[in-house]
Amino acid sequence: MSFPPAIRRKFWGRDFSSPVMLASGTAGFGEELLDLQCLSGAGAVVSKAVTFNPREGNLPPRLLETPFGLLNSIGLANPGVYHVVKHLLPAAAGLPCPLLINVAGESVDEFADVVSVLEECSVHIGYEINVSCPNAAEGGAAFGVDPDVVLRVAQGVSKVTGRPFSVKLTPNGGDMVQSAKAAVEGGASAITVCNTFLGMHIDWETGKCVIKRKVAGYTSPALLPLVVARVWQVSNAVSVPVISSGGVSRGEDVLQLLAAGAEMVQIGTRLMRRPFAAGELMDEMKKLTGE
Ligand code: SIN
């Protein structure tokens with residue numbers, strides 16, 4: 001790798017003018033953003049997680065802002081894969097950048113079942129297999145901490161699609177490097193490092209948790225060094241590209257993650273404050289590197 005890292009990337013055999021991806025959960029299935037200009041500067045969009053059956057998700061409140069970040073407890077709310085295929089993905093054909101579909105499941109087999117249904121669509125270039133949601137009782141992060149389960153999920157997905165897929169791992173328990181190796185052994189074409197960190201907010205006057213499931217997923221620019229370390233560890237251990245997710249608020253953060261070994265860099269919480277963050281980060285990076 002040369003330094004500073006190049007902003008233009010080659011990923012999954014395609015040329016990307018931007019390494020910035022909109023993380024799962026920030027853009028619906030892409031259709032929500034079509035009329036806005038906030039996709040300018042985005043290299044790709046990752047959809048909200050889709051499961052086989054519709055999911056109501058967790059009781060509100062689902063988001064809680066903290067002084068330095070955001071707690072989320074969505075619970076994989078989505079209308080189910082058949083609704084997504086019929087009603088949401090057709091509009092995503094108008095996206096100006098590639099789409100990856102984030103897939104979640106409550107059992108090892110569900111991931112492959114969802115992907116099988118999505119295979120009838122041509123709007124997406126690949127998948128992000130979400131074995132790491134911290135907000136669902138069934139499946140979720142428990143899948144991602146066990147390399148054997150990760151292996152079986154990846155093998156199941158490999159059997160039903162020829163499209164590339166990334167496996168999104170959890171930072172909450174287990175050994176991420178071992179899970180990443182298992183995902184690659186099972187056929188993964190990338191590793192997303194990583195899902196949200198477990199966090200909690202307790203009202204000290206009442207002792208009650210504001211978030212109903214108590215523990216939630218935490219995102220924050222302060223997590224950048226934690227994500228950089230994990231990207232570096234995983235990218236040095238596997239042969240497939242790493243997609244980083246978490247900790248970005250500035251162009252130099254994206255460049256640091258690329259320097260750590262990420263091929264693409266997802267942004268999430270930043271978009272809540274700055275809907276045009278992808279373009280802003282690109283402008284900052286171009287100024288910094290002169291590219
Ligand atoms: C959620 O739906 O609760 C968040 C999704 C995730 O973290 O994977």
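**Exercise 1.** How much accessible surface does the chain have, and what percentage belongs to carbon and sulfur atoms?

*Solution.* This is a predicted model, where local features need pLDDT of at least 70, side-chain atom pairs count only at pLDDT 80 or more, and totals for chains, interfaces and linings use all residues. Residues are numbered from 1 along each chain as its sequence is written, and side-chain values use heavy atoms, with hydrogens and water left out. Areas come from the Shrake-Rupley method with a 1.4 Å probe. The surface comes to about 12,500 Å². Carbon and sulfur atoms hold 53% of it.

**Exercise 2.** Describe the fold and its overall dimensions.

*Solution.* Start with the elements: nine helices and 14 strands. Helices (H or I, at least four residues) and strands (E, at least two) are DSSP runs, numbered from the N terminus. Next, take the radius of gyration over C-alpha atoms. Its value is 18 Å, close to the 19 Å that the globule rule gives for 291 residues, so the chain is as compact as a globular protein of that length. The rule is 2.2 Å times the number of residues to the power 0.38. Last, the box: the C-alpha atoms fill roughly 50 × 50 × 40 Å along the principal axes.

**Exercise 3.** Is helix 2 largely enclosed or open? Find its packing partners.

*Solution.* Buried means under 20% relative accessible area (1.4 Å probe, protein chains only). In helix 2 (residues 108-118), eight of the 11 residues are buried, so the rest of the structure largely encloses this helix. Among them are F111, V115 and L118. Now look for contacts, meaning heavy atoms within 4.5 Å. The buried residues pack against partners including helix 1 (81-92), strand 7 (99-103) and helix 4 (147-160).

Terms used
Buried means under 20% relative accessible area, exposed over 50%, partly exposed in between (1.4 Å probe, protein chains only).
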